[in-house]
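Dear colleague,

I am passing on the structure that follows, together with some notes on what came out of it. Please read the notes with the model open beside them.

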Amino acid sequence: MSVPGHTALGAWSGGRFMHFGEQLDDDRLVTLLRPGADIHTVVTADAYGAGEGDLVVGRAIAGLPRDAYSLIGAVGHDIYGTKRDGSKGFPRFTSPALRGEDGYAAYLREATERSLERCGVERFDVLLLHNPDRIGYTSPAVWEAMAGLREAGLCDAIGLAPGPANGFTLDVIGCLERFGHLIDWAMLILNPLEPWPGKLALPACERHGVRVLARVVDYGGLFHDDVPDEDSLGETDHRRYRAAGWVEAGRGRLNELRPMAERHGLTLLQLSAAWTLAQPAVECVAPTLIQEAGAHAKPVEAKRAELAAVSAKPVLDEDELAAIAAIGDNTGCMALKGASPRHEGDERPDAWPLDDELREVGRRFGIEADRDLSLR
């Protein structure tokens, strides 16, 4: 067993499977994702490129001793025998149109074995349930099946990876309240300019002994400090979904953070990682490594080097952590996915009505849904 380190490389980097910046060619992407002494953890998901991401990661880890790296996988979208629904992606395996709960275990085992085969290994160190729908958060059959994969030796630990957009706060907490005795990890969006709503779930993770892998630590690439404006983003870049003006506003807040980073001899990305690693239950950070377009762009290899230099030891004191949190407060800045007090219409795979049970779950952690999870 190789426990994930405090930094990780995500296969969503490099623009190939998630459209951020320019696409790297095969060799450059494989080199970027190859774990080593500097960063020994890599994250993949079978939905990335409908299996192509696994193959790239397989090339990146080929020839390395199995105990020299930690491999995190993710399954949950049914990429077999179904069609991708545009930007909505592949359907969740729990869709009632595909199967009932009596088929969950068989599907998860098949998906895991096929992902492992593409990666060229026999087990994951951590296996995440990728972007679950409401059933995925609440079904005992799902989590018993996930635990069964661990018992079968296909993974050493299991976890939860909400998404792809931000939200799912009460769903995560409710899932941990039900199945926290089974769950080892959770992957959440968290960074100094995007502490809300992910930070609200951290006390529940801490209570249940669930370790957190934080993603989007780069805040859409802004912490790499080479995104000048929104016009520099390509028409198909996924960051286009963010609200207009987010780059200009974010760069203004970066300038407030810059003196603190310089005082510690850190880049802005390293400051973001240091703040995020200091949050309760957070043990690993996995920013997106983006090759931006244009002459201003920093080479993606330099971004990896910055990540590799992030210290596992605390860097910031309590006053600095609080000051950063105040600068980056984004409470109520966006409509959230999952169970939301603002949800209208029918239940969707990524959004559904908030029920009284989840409201009460939130109150146990000091969260009033209408106050703390609403757009302002």
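A residue is called buried here when its relative accessible area is under 20%, exposed when over 50%, and partly exposed in between, with a 1.4 Å probe and protein chains only. By that definition Ala261 counts as buried, because its relative accessibility is 1%.

Before going further, please note that this is a predicted model, in which local features need pLDDT of at least 70 and side-chain atom pairs count only at pLDDT 80 or more, while totals for chains, interfaces and linings use all residues. Residues are numbered from 1 along each chain as its sequence is written, and side-chain values use heavy atoms, with hydrogens and water left out.

Helices (H or I, at least four residues) and strands (E, at least two) are DSSP runs, numbered from the N terminus. Ala261, with which I began, lies in helix H8, and, not counting residues up to four places away in sequence, Ala261 touches Leu266, Thr267, Leu268 and Leu271, where contact means heavy atoms within 4.5 Å. The C-alpha atoms of Ala261 and Leu316 are separated by 9.8 Å, although these residues are 55 residues apart along the chain.

Helix H9, covering residues 268-277, is mostly covered, with 10 of its 10 residues buried. Among the buried residues of H9 are Leu268, Gln270, Leu271, Ser272, Trp275 and Thr276. What do the buried residues of H9 pack against? Their partners are strand E7 (211-215), helix H8 (246-263), strand E8 (282-286), helix H10 (300-308) and helix H11 (318-328).

Two helix pairs deserve a look. The axes of helix H3 (residues 104-119) and helix H5 (residues 140-151) come within 9 Å and cross at roughly 40 degrees, the axes being lines fitted to C-alpha atoms, for helices over the stretch in contact, and the angles running from 0 to 180 degrees between N-to-C directions. That angle makes H3 oblique to H5, because angles under 35 degrees count as roughly parallel, over 145 as roughly antiparallel, 65 to 115 as roughly perpendicular and the rest as oblique. The crossing of H3 and H5 is right-handed, a term used if the near helix is turned clockwise from the far one by less than a right angle, with left-handed used if the turn is anticlockwise. On the H3 side, Tyr104, Ala105, Leu108, Arg109 and Thr112 meet Ala141, Val142, Ala145, Met146 and Leu149 of H5. The contact of H3 with H5 has eight nonpolar, one polar and one charged residues, where Ala, Val, Leu, Ile, Met, Phe, Trp, Tyr, Cys and Pro count as nonpolar, Asp, Glu, Lys and Arg as charged, and the others, Gly among them, as polar.

In the second pair, helix H1 (residues 26-33) packs with H10 at an angle of about 5 degrees, their axes being 10 Å apart, and H1 and H10 are therefore roughly parallel to each other. Arg28, Thr31, Leu32 and Leu33 in H1 meet Val300, Glu301 and Arg304 in H10, and the residues of this contact divide into three nonpolar, one polar and three charged.

Is Glu292 buried or exposed? Glu292, which lies in the loop between E8 and H10, counts as buried because its relative accessibility is 4%. The side chain of Glu292 makes a polar contact with the side chain of Arg239 at 2.7 Å; a polar contact is a pair of N or O atoms within 3.5 Å, of which, within protein, one must be able to donate a hydrogen and the other to accept it, and residues adjacent in sequence count only if both atoms are side-chain atoms. Leaving aside neighbours within four places in sequence, Glu292 is in contact with residues including Gly21, Glu22, Asp226 and Lys303.

Some backbone details remain. The peptide bond from Gly163 to Pro164 is cis, with omega near 5 degrees, and Pro164 is found in the loop between strand E5 (158-161) and H6. Another cis peptide bond joins Trp196 and Pro197, with omega about 0 degrees. Phe168, in the loop between E5 and H6, has a positive phi of about 65 degrees although it is not a glycine, and Phe168 counts as buried at 1% relative accessibility. Tyr219, in the loop between E7 and H8, has a positive phi near 50 degrees and counts as buried at 7% relative accessibility.

With best wishes
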